[in-house]
Amino acid sequence: MKFENYHPCINFIYFLFFMVFILCFNHPVYVAIAFLCSFAYSIKLNGKREVIFNFILVLFVVIYCLWYSYYNHFGLTNIRKNFIGNNITAEALFYGLVRGTKAAAFIMTFACMLAVFSTDKVIYLAGRLFPKLSLFISIFLRSFSRIRERHAAVNISRKGIGMGKGQSTIISGIRNRLRILSIIITWTLEDYIESSMSMKCRGYTLKHRTAFSIYRFDNRDRGLVILLLAGITMTFMAAWLNQTNILYDPEIIMYRPKGWSYIFYLSYACFCLLPMGTEIINEIKYKRRQRLNGPTFRGEENAYGELL
Amino acid sequence: MELFEIRNLSFCYPVREREALTDINLTIEQGEYITICGKSGSGKTTLLRHLKPPVTPKGKKSGQVLFEGTPVEALDLKTQAAHIGYVMQNPDNQIVTDKVWHELAFGLESLGYDTRTIRLKVAEMASYFGIQDWFYKNVNELSGGQKQLLNLASIMAMQPKVLICDEPTSQLDPIAASDFLQTIKKINLELGTTIIMTEHRLEGVLHASDRVVVMEAGKIIACGAPRLVGDMLKKENSDMAAALPAPMRIYYGVESSLESPLIVGEEKSSFGSSLAVGEGKRRFESPKTVEEEKSSFECPLTVREGRSWLERKLKCEGKALKKDRLDEPDLPEETGKPAIYAKELWYRYSKEGADVLKGASISVPKGSFYAIVGGNGTGKSTFLRAICGILKPYSGKIKIEGTPLDKYKKGELFQGHLAMLPQNPQSLFVKKTVREELLEMVHGSEAEQDVDAIAEKCLISHLLDKHPFDISGGEQQRTALAKVLLTKPSILLMDEPTKGMDNHFKQSLVSILRKLENLTILMVSHDIEFCAKYADIVSMFFDGGIITTNTARKFFSGNSFYTTSANRMSRHIFVNAVTEEDVITLCRENL
């Protein structure tokens, strides 16, 4: 069971809170946890390509941190002077590092979000807020792809009589493009008449229209929501108990980890790793079942035990 | 029980003088399968549109249309939306949303069902129509046939009492079309849904229909069981007889030639008459004499019935046939440079994608009418585009009139050498009138005369001041052809020129092409009957290449599945009869 197959609301809650946490917390432990978790999850989701991307990001973090410390000189612990004669301080260097890491974690989480959120889910979530909106986005997407198909068809047809793109002089080429644009507008408007007829034929103008979605909210979704909320609550509690507080200027003053701080760190890590964890647990379960039941027919099920 | 009752319906579009519908009376029973046929412009679509209020055209109307006893205008929105389903011609324009599942749910959302109910009904529909495999797909990934099936399913989800289909298969290839019609028949048989449909491909619907209504110039000229209507049309020598399925036409051709010598070539030479607008108030009466009833009972509707009828007719006395084959010249030896020569073209759309052309080769002799047939997605259209240089194959040679394609200078190829008529004629239009459309192609002082000359040749002189989107499909096709011909090509490439056209338009297309001398035509088509009748050479395209090439008769008589219905009907008796005329000729010689 992949995280993306859970209800879109759950995907949304997770990414919303995760991103807010990344942006708000400056405490190095929290930043480190967020960074490592998003690093791991993005690679799990997007594969090898993401590894290269992530290491480039790390490089940027280092560059940013150096650049930041070069131009910001707050803090008491001097390391050395740069060539203009300004102090490079440990506080600024460290703060630069934290900011860079936060940005990198945010970008990686965003990459995860893009992988998890299909347009379908965005439309669904928008539809939760404004029921009509989701239908209109859907209609818009449909006509957008229609226009693109049309444009390709017109181009090919015109090429077939020697009046296509790149078959004429620049000026007649511009004229040609304008003609194509105008006919595509005509064509699209013409289509809309028929589409609106088809909508009316299927009762679009009736009152009390409902909005159907293919997503269901099942027990597994409820289970995950409970875990998510537990993680979020713990993190808020940590913030409330000053666990996440830190000052960098004029010197680094932070909440020293005490015994129960580790519980908060652990719960934050659990929250961050929840999607990846559920996926990994399901994969292990599947493999064990396969081992117990012997090999199944290839192609019957995918790696997550979902029937194909 | 009567579902629809049409009483004295007359209708006139605004500004027009001629009535589009005149005094229509028709009663449609619950559960009936009714086919309405007629030439384009005969008022079929106008009649259908009066059965569904949201699509009823504005104009002067008299008479009444009753749905279960209530005038359709007085029906409340919900009844109208749920109980009268309407499938339109163009599969694309009817689809509103971008996802298959959303489209299926659209009507149900309108009716205000809750999510649970919609989920169940959508699941039912997807399972019944076999949509579950592409349930989550984007609509633009579907084929034309799938799109039309989706339209049908999303209407059926609302459980209509009647399904009105306005030429639903005209934009589909033959296989998708027959699948669609099978599904319609299944709905009619299994669910008892009333079907009212217009079609120009009568082959697929006639045997399934309970009643056939024939319209001409806004009037119903015949109405009754398929065989009766066939008889009526033949007796009146109506233009619509040409639209009957091949077995029926052969039957009438043979039977009438027994009574009086029939000129077999008549159909081929009657291009002019196909354009004449039918006139007069003719109303057929059902035949009453015993012989007539017997003959109409005998008339075969399908290939199966045709086969047994032919066998009874020719083999009943057990004597050998006098003649069982027609003379056929061999494929002419190639002399001189071919007009089009392509050798082992390889092409793929993207770097990682699969090859679409896999070593496709062709050699088209000068002045021939060459047809390429084959299924959907085999790469036929791609091949055509590669030949005219729109797509660049990554390997292979192309010569146009003996000169390699890349030796032509920019723009030179499409001036006087090559031109392509696209599949969708609309995609060629960019102007407000047909005249401007044609003038776009010519320059200089003689432009007007050129345009007038080509318009006359293509039979569109009367359309010059209309908007190209306002004329009928066949007229658009002729306009596109005129536009293409203005580049004065010596080679014409045509991509599915007969798509969505009825027999009359096909005949007028051929008559235009015959008028052009020294023109080499390379055509890609699904239309087997058309290729068999008119093409000189036919090739089969499959899996990215040409599999076999032969003269039309040899090609089709050699196939057993992918061939004309006349051939399938007669292949157990005649060796190489391919068109209806062939079968009729051979029958006459043996009787």
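## A pocket and its lining

In this predicted model, the second largest pocket has a volume of about 940 Å³. Its lining is made of 27 residues, and the closest to the pocket's centre are Asn5(A), Ile214(A), Tyr215(A), Arg216(A) and Tyr136(B).

What kinds of residues make up this lining? Sorting them gives 13 nonpolar, five polar and nine charged residues.

## Helices around the pocket

Now let us look at the helices that take part. At least two lining residues come from each of these: helix 4 (90-116) of chain A, helix 5 (119-129) of chain A, and helix 5 (115-128) of chain B. Which helix gives the most to the lining of the second largest pocket? That is helix 5 of chain B, with five residues.

Next, find residues 447-457 of chain B, which form helix 17. Buried residues in this helix are Ala447(B), Val451(B), Ile454(B) and Ala455(B). Looking down the axis of helix 17 of chain B, you would see these buried residues fall within an arc of 105 degrees, so they line one face of the helix. On the face turned away from that buried side sit the exposed residues Gln449(B) and Glu456(B).

What covers the buried residues of helix 17 of chain B? The cover includes two helices of chain B, helix 16 (434-439) and helix 18 (473-485).

Follow chain B past helix 17 and you will come to Leu459(B). The phi of Leu459(B) is positive, near 60 degrees.

Terms used
Residues are numbered from 1 along each chain as its sequence is written. Chains are lettered from A and ligands numbered from 1 in the order in which they are written. This is a predicted model: local features need pLDDT of at least 70, side-chain atom pairs count only at pLDDT 80 or more; totals for chains, interfaces and linings use all residues. Side-chain values use heavy atoms; hydrogens and water are left out. On a 1 Å grid over the protein atoms alone, a cavity is a set of points where a 1.4 Å probe fits but cannot get out, and a pocket is an open set with protein on both sides within 12 Å along at least five of seven lines; lining residues have an atom within 4 Å of a point. Grid points are joined across faces, edges and corners, and a volume is the space filled by probe spheres set on the points. Helices (H or I, at least four residues) and strands (E, at least two) are DSSP runs, numbered from the N terminus. Ala, Val, Leu, Ile, Met, Phe, Trp, Tyr, Cys and Pro count as nonpolar, Asp, Glu, Lys and Arg as charged, and the others, Gly among them, as polar. Buried means under 20% relative accessible area, exposed over 50%, partly exposed in between (1.4 Å probe, protein chains only). The arc is that of the directions from the helix axis to the C-beta atoms. Contact means heavy atoms within 4.5 Å.
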